[in-house]
Amino acid sequence: MFWTYLRRELRRRMRQAVFIALGLALGIGLVITVTSAATGVQNAQATVLHSLYGVGTDLTVTQPPKQGAGSGISFGFKQQIKQVRSGQIAAGTKINDNELQNTQYGSLTAAQLAAAAGQEHVTAATGALSLTDITVTGTVPPLSAGSGTFSSSFTTSTFTVDGVDVAHSSPGPLSSAAVTAGRGFDQADATGDVALADSGYAAAHKLTTGSAVAIGGTNFKVIGVVTVPQGSSPPNLYIPLAKAQQLAVTGSAKMTGQVNTVYITADSASNIPAVQEELTKLLPSATVTDASDLASQVTGSVGSAASLANNLGKWLSVAVLAAAFGLAILLTMAAVARRVREFGTLKALGWRSRRIVGQVMGESLAIGIVGGAAGVALGYGGAALIDKLAPKLSANVGASPAPTTVSGVTGKLAQQISSAAAHTVYVTLTAPVTLSAILLAVLLAVAGGLLAGIFGGWRAARLRPAAALTKVE
Amino acid sequence: MYRLSGVTKEYAHGAVLALQGIDLDLPDGEWLAVRGPTGHGKSTLLQLMGGLDRPTRGTVELDGSDLGRLSEAAATRVRARSIGFVFQSFNLIPTLSAVENVETALAPLGVRGAERRRRAAAALAAVRLADRVRHLPAELSGGQQQRVAIARALVKEPAVLLADEPTGNLDEDTRDDIIGLLESVWRERHLTMVVVTHDSAVARRAQRTAVMRDGRLAIVPTSPDVGALRPGADAPG
C-alpha cells in the first residue's frame with residue numbers, strides 16, 4: 001500500500017516532484033563540484049608543499065637573512081665595483097666572478113641543528129643549505145664623471161644548488177626524488193666533488209652522468225639525474241652538504257659547519273604543534289614553519305583557486321542548497337495543504353497520524369533521493385568540466401629577495417639574480433569526486449527530503465479529521 | 001449500541017453552538033436518517049458519532065465506550081475497526097484505483113498484500129463493480145464512485161455505517177441505486193446505520209428519522225414497526 005500510494009502520488013505530482021528534485025540536484029551537484037574542486041586544490045597545494053618540504057617533513061626551521069646580507073650580489077663583484085670606482089681596475093678589464101651564495105636565509109649552526117634534533121617528539125632532523133650559484137661576467141665599461149650604470153655591461157647567470165646530507169636523505173630536499181639516471185649519493189660522497197642534476201635542468205643544459213659543472217668556482221662531476229614529483233620546484237643541482245658548506249658564503253662570511261634549513265619529522269601529527277612551540281622557544285629568532293603555515297604563504301593561482309573554492313564556492317553551494325531545501329519544504333507543505341481532504345478521509349478510515357506522516361515523508365524522501373542521484377550526476381559533470389577546462393595553476397612560495405641597488409647596480413640586475421631563488425610551481429588542477437563527496441551528497445539528499453517531509457508531515461499530522469472533512473464540505 | 005447524553009458542541013469559544021444537549025439511544029442494527037436544513041448540526045453530529053471530533057459537553061458512547069474521552073490513538077482504532085464512513089463527495093483517493101481505494105480501509109488493520117487485495121475485490125464485487133477494480137476514480141461515474149466508497153466503508157465489516165449525504169451528488173436514478181444498495185447491506189449485515197440526508201426518499205427507507213434544527217434533535221418514526229417519538233424530544237419544527 002505504502003509504495004503503491006507513494007508511486008501514484010509522485011506520478012500525479014510529477015511536474016512538482018521533478019521541479020523539487022531538480023532544485024535539490026542543482027544544490028547537491030554544486031556541492032559535489034565545489035567539494036571536488038576544493039579537493040583538487042588541496043591536492044595541488046599538497047603537491048606544492050611536498051615539493052618544497054619533501055615527503056616526511058613535518059616542520060622546517062629557517063633563519064631570516066641578516067639585514068643587507070641577502071642582496072644577491074656576489075661579494076667579489078661588489079669589491080670589484082669598488083676597485084673600478086677607485087681606479088684600481090681599469091676600463092676594459094674582463095670580470096668573471098663566480099660564488100655560491102646563501103641569499104635566501106640566515107644561517108643556523110651545527111649546535112642549533114643538534115639542539116633541534118634533541119627535542120622531545122622529534123624523530124629526525126636534517127640540515128641542508130639552499131644556495132644560489134651566481135656568475136657575473138663582462139668587461140668594465142669606461143666611467144664618465146665618476147658614475148655610470150654597470151648592468152648593461154655584465155651578464156649574470158644563476159642556478160640553484162642544494163647542499164644535502166648524504167647520510168640522511170629523508171627528511172630533506174631529496175626525500176621525494178627518484179634517480180632516473182646514474183646513481184644517488186652514498187656515504188662515500190660526503191666530501192666528494194659530485195653532484196646530482198634535476199632532470200629538467202639536466203635536459204635544458206644537456207647534462208648527463210659524467211658531465212662536469214662548475215659550482216662556486218669548483219668543478220663537480222654529475223653522478224646522477226633525479227626527478228621529483230610533478231608540480232615540484234626542485235633546485236637545479238644537489239651537492240653534498242659538507243662541500244656546500246666549504247664553498248658557500250653569506251655576504252663575505254664562509255658557512256663552514258652551518259646550514260640554512262632544518263627539516264624536522266615529528267613522531268606523530270598530533271605532536272607537531274608541541275614540537276613547533278618547543279623549537280620556537282629554542283630558536284626564538286628562527287622561523288618554524290609547518291604545512292599550514294606554508295600553505296598560507298602559497299600565493300598565485302593555486303591560492304586564488306583555494307580561496308575561490310573555500311569562500312565563494314562554499315557559500316554559493318550553501319545558498320543554492322538552502323534555496324533548494326526551502327523550495328522543497330514550501331512545495332511539500334503546499335501539496336499537503338491541497339490534500340487536506342485526502343488526509344482527513346484517511347484519518348476517518350482509521351489511518352494513524354504516524355502513517356500519514358510516514359507517507360508524506362516517504363514521498364519527500366523519494367524526491368530527495370532522485371534529486372540526490374541527479375545531483376551526483378551533475379556533480380560528476382561539473383567535476384569533469386573542471387578537469388577539462390581548468391588552466392594550469394601556479395604557486396609562488398616564499399618571498400624572493402627584494403630587488404636592490406648596490407653602488408650603481410640597478411634593480412634589474414639584482415632582480416635577475418634573485419629570480420633564481422623564487423619558488424614558482426605549476427600544477428594541473430583536477431577535481432576528483434571522492435567517496436566522501438558522494439556520501440555527503442546522499443546525506444544532503446536524504447536531509448533535504450527528510451526536512452521537507454518533516455514540515456509537510458507535521459502539517460498533515462496536525463490536521464483534525466473533522467476539520468479536514470468540514471473543509472471538503 | 002450508541003448512547004448520546006446531553007451532547008453539546010460549541011465552536012469559536014462558545015460563539016457558535018452547533019449541537020445543544022442531544023440525547024439519543026440507537027440500538028444495534030437500527031437505521032436512523034437525520035434530516036434538517038443546512039448548517040443546523042447534522043454533519044457535526046455525525047462527526048461526533050464517528051469519533052472524528054469531541055463534544056464540548058456530554059458523552060457519545062459506542063458499545064459502552066465514551067468516544068469523547070478516548071485518546072486520539074484509541075479513537076483512531078475504533079474508527080479503523082468499527083465505523084465505516086460514506087461521504088457526499090465520495091472522498092476517493094484520486095491516484096488509487098477502485099480496488100486500491102478499498103484497500104486503504106484495510107491497511108490500518110494490518111491486513112497484508114494478497115488477502116487485502118482479495119477482500120477489497122470481493123467488496124467491490126458485492127457492490128457490482130467487479131469489472132471496475134482497476135479503474136481510477138476519474139474513470140468512474142458518480143454512482144460508481146459512491147459504490148466504491150460504500151465498498152471501502154464495508155470491507156472491514158464494521159458495526160456502524162455513517163453516511164453524510166450519500167446521494168447528494170447523484171442524479172435520481174443513481175440515487176435510487178445507492179439507496180437500494182445501502183438498504184440491502186443494512187439488511188444483510190445488520191448494521192447500525194446513520195444517514196444524514198436532505199432527501200426524503202432516503203429518509204423514508206430508514207427505521208427512524210431525526211430532524212436537526214438549531215442544534216437540537218427531534219426524532220420521528222417513519223416505519224410502523226420501529227419508530228416512536230422519544231419521550232421528551234422536541235417535535236420537528
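**Entry: B:Asp63.** I began with B:Asp63, which counts as partly exposed because 13 C-beta neighbours lie inside 10 Å. I note at the outset that this is a predicted model. I located B:Asp63 in the loop between β4 (57–62) and β5 (65–66) of chain B. I then read its backbone angle: phi of B:Asp63 is near 50°, a positive value in a residue other than glycine. I marked this value because most residues other than glycine have a negative phi.

**Entry: B:Glu165.** I looked up B:Glu165, where phi is near 50°, again a positive value in a residue other than glycine. B:Glu165 belongs to the loop between β7 (160–164) and α6 of chain B. Is B:Glu165 buried or exposed? I counted 22 C-beta neighbours inside 10 Å, so B:Glu165 is classed as buried.

**Entry: chain A overall.** I turned to chain A and found 14 helices and 15 strands. Chain A has 473 residues, of which 47% count as buried. Among contacts in chain A with a separation of 6 or more, 87% are between residues 24 or more positions apart.

**Entry: where chain A meets chain B.** I recorded that 21 residues of chain A are in contact with 21 residues of chain B. Which helices of chain A each supply at least two residues of the side that touches chain B? I found α1 (2–12), α10 (340–348) and α14 (465–472).

**Entry: B:Thr95.** I next examined a residue of chain B with neighbours in chain A. B:Thr95 touches A:Arg8, A:Glu9 and A:Arg12, residues up to four places away in sequence not being counted. I placed B:Thr95 in the loop between β6 (83–86) and α3 (98–103) of chain B. B:Thr95 is buried, because 21 other C-beta atoms lie within 10 Å and the cut-off for a buried residue is 20 or more. I also compared its place in sequence with its place in space. B:Thr95 and B:Leu136 are 41 residues apart in sequence, and their C-alpha atoms are 6.8 Å apart.

**Entry: helices α5 and α6 of chain B.** I looked at how helix α5 (residues 142–154) packs against helix α6 (residues 172–189) in chain B: the angle is about 15° and the axes are 10 Å apart. Angles under 35 degrees count as roughly parallel, and α5(B) and α6(B) are therefore roughly parallel to each other. The crossing of α5(B) past α6(B) is right-handed. On the α5(B) side, I listed B:Gly142, B:Gly143, B:Gln146, B:Arg147, B:Ile150 and B:Leu154 as making the contact. On the α6(B) side, I listed B:Thr174, B:Asp177, B:Ile178, B:Leu181 and B:Val185. By class, the residues of this contact of α5(B) with α6(B) are 5 nonpolar, 4 polar and 2 charged.

**Entry: B:Leu154.** I returned to B:Leu154, which lies in helix α5 of chain B. B:Leu154 has 23 C-beta neighbours inside 10 Å and so counts as buried. Which residues does B:Leu154 contact, leaving aside its neighbours within four places in sequence? I found B:Gly84, B:Ala123 and B:Val185. I also recorded 9.6 Å between the C-alpha atoms of B:Leu154 and B:Ala120, which are 34 residues apart along the chain.

**Entry: the nonpolar cores.** I ended with the largest nonpolar core, which has 123 residues. Within this core, B:Val102, B:Leu124, B:Ala151 and B:Leu162 touch the most other members. Helix α2 (residues 14–53) of chain A gives the largest share of this core, 13 residues. Apart from this core I found another, of 46 residues, including A:Ala177, A:Leu237, A:Tyr238 and A:Leu241. Last, I examined B:Ala151: not counting residues up to four places away in sequence, B:Ala151 touches B:Val102, B:Ala123, B:Leu124, B:Ala126, B:Val127 and B:Leu129.

Terms used:
Residues are numbered from 1 along each chain as its sequence is written. Chains are lettered from A and ligands numbered from 1 in the order in which they are written. This is a predicted model: local features need pLDDT of at least 70, side-chain atom pairs count only at pLDDT 80 or more; totals for chains, interfaces and linings use all residues. A nonpolar core is a set of buried Ala, Val, Leu, Ile, Met, Phe, Trp, Tyr and Cys residues joined through C-beta atoms within 7 Å. A residue is buried if 20 or more other C-beta atoms lie within 10 Å of its own, exposed if 12 or fewer, and partly exposed in between; C-beta atoms are placed from the backbone. Helices (H or I, at least four residues) and strands (E, at least two) are DSSP runs, numbered from the N terminus. Two residues are in contact if their C-beta atoms, placed from the backbone, lie within 7 Å. Axes are lines fitted to C-alpha atoms, for helices over the stretch in contact, and angles run from 0 to 180 degrees between N-to-C directions. Angles under 35 degrees count as roughly parallel, over 145 as roughly antiparallel, 65 to 115 as roughly perpendicular and the rest as oblique. A crossing is left-handed if the near helix is turned anticlockwise from the far one by less than a right angle, and right-handed if clockwise. Ala, Val, Leu, Ile, Met, Phe, Trp, Tyr, Cys and Pro count as nonpolar, Asp, Glu, Lys and Arg as charged, and the others, Gly among them, as polar.
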